[in-house]
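These notes are meant for a colleague who is meeting this structure for the first time. Please keep the sequence and the model open while going through the points below.

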Amino acid sequence: MNRPQQITVLGATGSIGLSTLDVIARHPERYQVFALSGFTRLSELLALCVRHTPQFAVVPEAGAARALQVDLRAAGLSTRVLVGEEGLCQVASDPEVDAVMAAIVGAAGLRPTLAAVEAGKKILLANKEALVMSGALFMQAVRKSGSVLLPIDSEHNAIFQCMPQDFARGLGAVGVRRILLTASGGPFRQTPMAELVHVSPEQACAHPNWSMGRKISVDSASMMNKGLELIEACWLFDAKPSQVEVVIHPQSVIHSLVDYIDGSVLAQLGNPDMRTPIANALAWPERIDSGVAPLDLFAIARLDFQAPDEERFPCLRLARQAAEAGNSAPAMLNAANEVAVAAFLDERVRYPEIASIIEEVLNLEPVVAVDDLEAVFTADAKARVLAEQWLSRHGR
């Protein structure tokens, strides 16, 4: 019998990480946890280590590592604790590892994910910022190493399932006219515009369909998440921004669609549960049970669609502009958004000011070529400084 595939889960304590571990646990004969990483929820990381007995655990700093190592030994585990970005890169590229779930939120996930790519691993990509920040460099590394890149975002996984297998030849060559990227519209889809200035972080995090972390929930409310997904889709499927259309679909049942030149439109449907795309990518090209309930079309009864209002969702407009500008613009967009969302969650800025901060950063900082990773991080750092300057100037 073949040995189980060794899986590293980067961002194990987040919603994607936990869903991944749920799917893995359903198939112990196929998959085994090699390493887990956590950021702040260290007691939860300890519990996951006890359950899944990885060879390695990774935490951000040395003090936490020492404490976790003591607790693991007390639990009778031989799991070794590693520290920081170096530790993340080690468990992402270890020769024993077969696949890496890249689920660290934000820019922090870029280097470990690239380390996995350069080592030729199968990449389950849930960290959209890796492609948003460094799309050209990232895809170049994928092609060079022969790494298999499988999207985990429900929308990109849906597109992947609806594409012909040889889509890498080019969308025109395989008869694809456009990609239709669906969005729920979030909690503020119908909120009167005048009330948006008063919405709280708790309201922004109350997504109508999905259970997600706080940062990505705010991004979903502002539709920045969809903007980042638009940029990501361009890189994953070699599409121009004009070939990717965003469609608001409140039920979140159709996860995305692909429109072909013969008039066919293929859609992937399913319950809003991330275990479906995770199971699809883990087992690809096979199919395995994910634990997700069958879709009940009679209970859903209707599917609605509408065009997004860019006055209500200015972040979507800003993301499309960054996609069209290319080079350093997406990295600056992402960095400014991370600073702005963190300030909103800390109640230092109002919800509409998230877009104001991002727009100012994009207007102040010129777009430059990004020929290497250092250029990406330079653009990222400059955008963060400008966003912090906005906060200081407005007394936040």
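1. Which residue forms a salt bridge with R317, and how far apart are the closest N and O atoms? The model is a predicted one, and in it the partner of R317 is E359, with 3.2 Å between the closest N and O atoms. Between domain 2 and domain 3 the count is one salt bridge, while the structure as a whole holds 23 salt bridges.

2. The assignment gives domain 1 as residues 5–151, domain 2 as residues 152–318 and domain 3 as residues 326–395. Taken over C-alpha atoms, the centres of domain 2 and domain 3 lie 24 Å apart, and the contact takes 23 residues from domain 2 and 17 residues from domain 3.

3. The size of an interface is often given as the accessible area lost when the parts come together. For domain 2 and domain 3 the buried area is about 1,600 Å², and 74% of it is on carbon and sulfur atoms.

4. The rule finds five residue pairs in polar contact across the interface of domain 2 and domain 3, both residues of a pair being at pLDDT 80 or more. On the side of domain 2 that touches domain 3, at least two residues each are supplied by α8 (201–204), α9 (214–222), α10 (224–236) and α13 (314–325). The largest share of that side, six residues, comes from α9, and the residues of that side of domain 2 divide into 15 nonpolar, three polar and five charged.

5. One backbone detail belongs with these helices. M223, found in the loop between α9 and α10, has a positive phi of about 65° although M223 is not a glycine.

6. W284 and P285 are joined by a cis peptide bond, with omega at about 10°, and P285 has its place in the loop between α11 (275–283) and α12 (297–300).

7. Another salt bridge deserves a look. E338 and R384 form a salt bridge in which the closest N and O atoms are 2.8 Å apart. This pair links distant parts of the chain, with E338 in helix α14 (residues 329–345) and R384 in helix α16 (residues 373–393), 46 residues apart.

Notes: Residues numbered from 1 in each chain as written. Predicted model: local features only at pLDDT ≥ 70, side-chain atom pairs only at ≥ 80, totals over all residues. Heavy atoms only, no water. Domains from an automatic or database assignment. Contact = heavy atoms within 4.5 Å. Buried area = accessible area lost by both parts, 1.4 Å probe. Salt bridge = Lys/Arg side-chain N within 4 Å of Asp/Glu carboxyl O. Polar contact = N/O pair within 3.5 Å; in protein donor to acceptor, adjacent residues only side chain to side chain. Helix = DSSP H or I, 4+ residues; strand = E, 2+ residues; numbered from the N terminus. Nonpolar A, V, L, I, M, F, W, Y, C, P; charged D, E, K, R; others polar.
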